[in-house]
Amino acid sequence: MGYMQEARENHVKKKVEEALRSKMKQKALKECDEYTSKYAQCAAGKTLSIVWQCRKQAKELNDCLHQFTNDAVLEEMKKEYTLQENHRGSARSRVD
């Protein structure tokens, strides 16, 4: 494999990982919408006092988000993506 081809594949891999991370974050925000709303309600009209007055809501939100945005979740998404790509590749080769 040539340097240019390897660099191109690494670039594609990074783009795929960025897309998977974005998808993971979107799902987390959707799943944690209840906690996001609670935090937003607490934070409304506050400035610096958010830090101590909304600590409980912030922790709940962060705990929820972490369930859906961690390395294990990302690795699982990568595996699913790889399986889908392999399936598409084998389907394409049967058609060709």
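**Disulfides and salt bridges**

Reply: Start with one bond. In this predicted model, Cys42 and Cys54 form a disulfide, with their sulfur atoms 2.0 Å apart. The pair links distant parts of the chain: Cys42 sits in helix α2, and Cys54 in the loop between α3 (50-53) and α4, 12 residues apart. The torsion about the S-S bond of Cys42 and Cys54 is about -95°, so this disulfide is left-handed. Are these two cysteines buried or exposed? Both Cys42 and Cys54 are buried.

The whole structure holds 2 disulfides. The other partners are Cys32 and Cys64, joined at an S to S distance of 2.0 Å. This link, too, ties distant parts of the chain together: Cys32 is in the loop between α1 (3-31) and α2 (33-43), while Cys64 is in helix α4 (residues 55-68), 32 residues apart. The angle about the S-S bond is -90°, and the link of Cys32 and Cys64 is left-handed. Cys32 has a relative accessible area of 0%, so Cys32 is buried. Cys64 has 7% relative accessibility, under the 20% cut-off, and therefore counts as buried. Counting bonded cysteines along the chain, the pattern is 1-4, 2-3.

Now the charged contacts. Side chains of opposite charge can pair when their charged atoms come close. The structure has 6 salt bridges. Lys59 pairs with Asp63, the closest N and O atoms being 2.9 Å apart. Both residues lie in helix α4, 4 residues apart, about one turn of the helix. Lys59 is exposed at 51% relative accessibility, whereas Asp63 is partly exposed at 39%. Lys56 and Glu60 also meet in a salt bridge, at 3.9 Å from N to O. Because Lys56 and Glu60 are 4 residues apart in helix α4, about one helical turn separates them. Lys56 is exposed, with a relative accessible area of 59%. Glu60 is partly exposed, with 25%.

Helix α5 (residues 71-95) holds Lys78 and Glu75, 3 residues apart and separated by about one helical turn. Their side chains meet in a salt bridge of 3.4 Å, N to O. Lys78 is partly exposed, at 25% relative accessible area. Glu75 is partly exposed as well, at 40%.

Technical notes: Residues numbered from 1 in each chain as written. Predicted model: local features only at pLDDT ≥ 70, side-chain atom pairs only at ≥ 80, totals over all residues. Heavy atoms only, no water. Disulfide = S-S within 2.5 Å. Helix = DSSP H or I, 4+ residues; strand = E, 2+ residues; numbered from the N terminus. Buried < 20%, exposed > 50% of the residue type's maximum accessible area, 1.4 Å probe, protein only. Salt bridge = Lys/Arg side-chain N within 4 Å of Asp/Glu carboxyl O.
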